[in-house]
Amino acid sequence: MIVLFDDILVYSMDWATHLHYLQLVLEVLQENHLLVKLSKCNFDQKQIGYLGHIVSNEGISVDPAKIEAI
């Protein structure tokens, strides 16, 4: 899981683990009376770009487009 200010990224190696982690995150948010904005939520993404990195089930790697730009 990655948490940075108002962003939470949950990533896992397999679907069952991912669902478990997602449930834990949502429970913590609920216990602390925190809300999420549904329009900012993305579920079941195989990979996502975030702050110049690619987050996937393989972990976190540098976005190749950023390396080309440099």
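**A three-stranded sheet, helix 1 and a pocket**

Colleague: Which residue in strand 5 is the bridge partner of Ile54?

Modeller: Strands here are DSSP runs of E with at least two residues, helices are runs of H or I with at least four, and both are numbered from the N terminus. Strand 4 and strand 5 (residues 59–62) pair in the antiparallel sense over 4 bridges, where pairing means that DSSP finds at least two bridges between two strands. These two strands form a hairpin with 2 residues between them, and within strand 5 the bridge partner of Ile54 is Ser61.

Colleague: At what pLDDT do side-chain atom pairs count in this predicted model?

Modeller: Residues are numbered from 1 along each chain as its sequence is written, and side-chain values use heavy atoms, with hydrogens and water left out. In this predicted model, totals for chains, interfaces and linings use all residues, local features need pLDDT of at least 70, and side-chain atom pairs count only at pLDDT 80 or more.

Colleague: Which residue takes a positive phi in the hairpin of strand 3 and strand 4?

Modeller: Strand 3 (residues 47–50) and strand 4 (residues 53–56) run antiparallel and are joined by 4 bridges, with Tyr50 standing opposite His53 of strand 4. The hairpin has 2 residues between the strands, and the one with a positive phi, near 50°, is Leu51.

Colleague: Why is one side of strand 3 and of strand 5 left without a neighbour in the sheet, and what is the average twist from one strand to the next?

Modeller: The sheet is open, has 3 strands in the order 3-4-5, and pairs them in the antiparallel sense. Strand 3 and strand 5 stand at the edges with a single partner strand each, so one side of each has no neighbour in the sheet. With angles running from 0 to 180 degrees between the N-to-C directions of axes, which are lines fitted to C-alpha atoms (for helices, over the stretch in contact), the twist from one strand to the next averages 25°.

Colleague: Is Gly52 buried, partly exposed or exposed?

Modeller: Gly52 lies in the loop between strand 3 and strand 4, and the residues it touches, not counting those up to four places away in sequence, are Val62, Asp63 and Lys66, contact meaning heavy atoms within 4.5 Å. Its C-alpha atom is separated by 8.5 Å from that of Ala65, 13 residues apart along the chain. Buried means under 20% relative accessible area, exposed over 50%, and partly exposed in between, with a 1.4 Å probe and protein chains only. Because its relative accessibility is 23%, Gly52 counts as partly exposed.

Colleague: Why does His18 count as buried?

Modeller: His18 is found in helix 1 (residues 15–31), and it touches Val10, Tyr11 and Ser12 when residues up to four places away in sequence are not counted. His18 counts as buried because its relative accessibility is 15%.

Colleague: What is the relative accessibility of Ala16?

Modeller: Ala16 is found in helix 1, and its C-alpha atom is 19 Å from that of Cys41, which is 25 residues apart from it in sequence. Ala16 counts as exposed because its relative accessibility is 56%.

Colleague: What is the relative accessible area of Ser56?

Modeller: Ser56 has its place in strand 4 and touches Tyr11, Lys46 and Gln47, not counting residues up to four places away in sequence. Ser56 is buried because its relative accessible area is 12%.

Colleague: Which element supplies the largest share of the lining of the largest pocket?

Modeller: A pocket is an open set of points on a 1 Å grid over the protein atoms alone, with protein on both sides within 12 Å along at least five of seven lines, whereas a cavity is a set where a 1.4 Å probe fits but cannot get out; lining residues have an atom within 4 Å of a point. The largest pocket is lined by 36 residues, of which Ile8, Leu9, Val10, Cys41 and Asn42 lie nearest its centre. Strand 2 (7–9), helix 1, strand 3 and strand 4 each supply at least two residues of this lining. The largest share, 6 residues, comes from helix 1.

Colleague: What is the volume of the largest pocket?

Modeller: Grid points are joined across faces, edges and corners, and a volume is the space filled by probe spheres set on the points. On that basis, the largest pocket has a volume of about 1000 Å³.
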